[in-house]
Every structure is written in C-alpha cells, then in structure tokens.
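Q: Could you walk me through how to read helix packing and a sheet in a model like this one?

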Amino acid sequence: VLRWAKQCNDRLIHALKELANRVLGVQSYHLVLTCDEEQYTHLEENHFYHFQMPSKPYIPWSGHYSLIKTEPQARIISAPVAFTALGMRTIAYRDAESPLLSIATELMENLILHKEIREKGGAYGGGASYTPSTGNFHFYAYRDPHLQSSIDAFYLAIEKIGHQQFNERELEEAKLGIIQTLDAPVAPGNRAIVAYSWLRAGRTPALREEFRKAVIQAKSHEVAEAVQE
C-alpha cells in the first residue's frame, strides 16, 4: 500500500481493478466520494482516474449446506455475573410514533433502569436502546449479578412509562438527550458515508427535520400511549 501511495500511477489503478474484479460480485454499484469541490472537479475532468466498474457478471452467492436449527440454550461458567437482554420489534423511522419511542428510552434509563439495575442490582451497566431505522427495541444489562431482577426492571420500565409516571421536567431532560444525539456534529471524514446511509434509508432533510420537531413537541400522554401500543 505504501509503495502504491508513493507511485500513484497506472499500476495502482490496474491493481485496484484486478482486485475489484476478484472480490465484487454484486448486481449494482454505488461510488461514494469524500472530497471538496476542487478535488471532485479534478476527478470528473479525469473521468475518475479512468475508473471503471468491474465487468465480472453478477452471480448471486449461494451456500451448499443447511443451517442448524437454533434452540434455547445455556452455558454454565464460573463467573458471578452475566449478560441479559430483552428485544422486540416495534415501529420504524417513518412512523409518527417513532420520535416518541426515542424519548421513552431516555425516560426508562433515567428514571427506572439505572436505579433498579445499577444502583440496586449492582450490575456494571444497563439501559434501553431503540433503533428507528430497523424498529428494533432492546433492553440490556451487562456484568449483572441478578438477571431475573433486571428482567423484572425491563417490564417495570414499560409499565411505569406506559402509565405516564414521569413529570414535565423529566420529559424535557429526555428530549434534550435525544436532541443532543440528533444535532451531534459529523466528523469530516464520515460525512460522505453518513449522507449515503441517510440517502439509502430515505432520511431526507425534510424527514429528519420532521423527526426533530416531533421530539421537541411531544406531549407526556403521547409518549405513554406510544409505549403502551
């Protein structure tokens, strides 16, 4: 790689083309560039350094073996702590209640899970996690000496937040936690891949702004109703 970087001539391009033809067997390609306008103009004028997508025909991968059916199982080890999680499918980013579930994770962590799992249960950590892009919602605890009490705390969090057992100040703090994540700056080196990910997921600027406004304008009873549903 260092030799290629120093030479940066046609041999590098040829080697990369050969590598691409060997490893790429996908049906369609997307070229993602991270550069400023001057660099992009230079690339465009030079036809992206004569870059060509691999000509290898698309052949879908297929395995010639059967997967073993997964069964519930346990492994006993000599350790005083363990890890546990509870996962469920909920709604995705485009649903109107998605911002409300994001707020609910903050409320659950701040008001119930931290106290029950870490302070009372003695676990190293625990909390709630919601991924709007997939709709997956998880509770988790790690390095935890009391698994059953942590699972009970997961359901307790659903029960309390679902019955609106939080006040306006706590709601406001939860909103600030979500906004802090939404407004976090993106490092220059990550901007292209983040923008590309948003594009593939359909997260347009208008949709992201709508999500942000929904977080700010959320009412207590709306969060509780979303958790119940």
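Q: Which residues in helix 5 and helix 9 meet?
A: Contact means heavy atoms within 4.5 Å. Here Ser98, Pro99, Ser102 and Ile103 of helix 5 meet Phe211, Ala214 and Val215 of helix 9. The residues of that contact split into 5 nonpolar, 2 polar and no charged. This is a predicted model, where local features need pLDDT of at least 70, side-chain atom pairs count only at pLDDT 80 or more, and totals for chains, interfaces and linings use all residues. Residues are numbered from 1 along each chain as its sequence is written, and side-chain values use heavy atoms, with hydrogens and water left out.

Q: At what angle do helix 5 and helix 9 pack?
A: Two packed helices are described by the angle between their axes and the distance between the axes. Helix 5 (residues 98-120) and helix 9 (residues 205-217) pack at about 55°, with axes 9 Å apart. That makes helix 5 oblique to helix 9 (under 35 degrees is roughly parallel, over 145 roughly antiparallel, 65 to 115 roughly perpendicular, the rest oblique).

Q: In what order do the strands of the open sheet come?
A: Strands pair if DSSP finds at least two bridges between them. The 3 strands run in the order 1-3-2, with antiparallel pairing. Strand 1 (82-89) and strand 2 (125-131) are the edges, each pairing on one side only.

Q: How many bridges join strand 2 to strand 3?
A: There are 7, and strand 3 covers residues 136-144. Gly126, for instance, has Ala141 in strand 3 as its bridge partner. Helix 5 packs on the sheet too, touching strand 2 and strand 3.

Definitions and conventions:
Axes are lines fitted to C-alpha atoms, for helices over the stretch in contact, and angles run from 0 to 180 degrees between N-to-C directions. Helices (H or I, at least four residues) and strands (E, at least two) are DSSP runs, numbered from the N terminus. Ala, Val, Leu, Ile, Met, Phe, Trp, Tyr, Cys and Pro count as nonpolar, Asp, Glu, Lys and Arg as charged, and the others, Gly among them, as polar.
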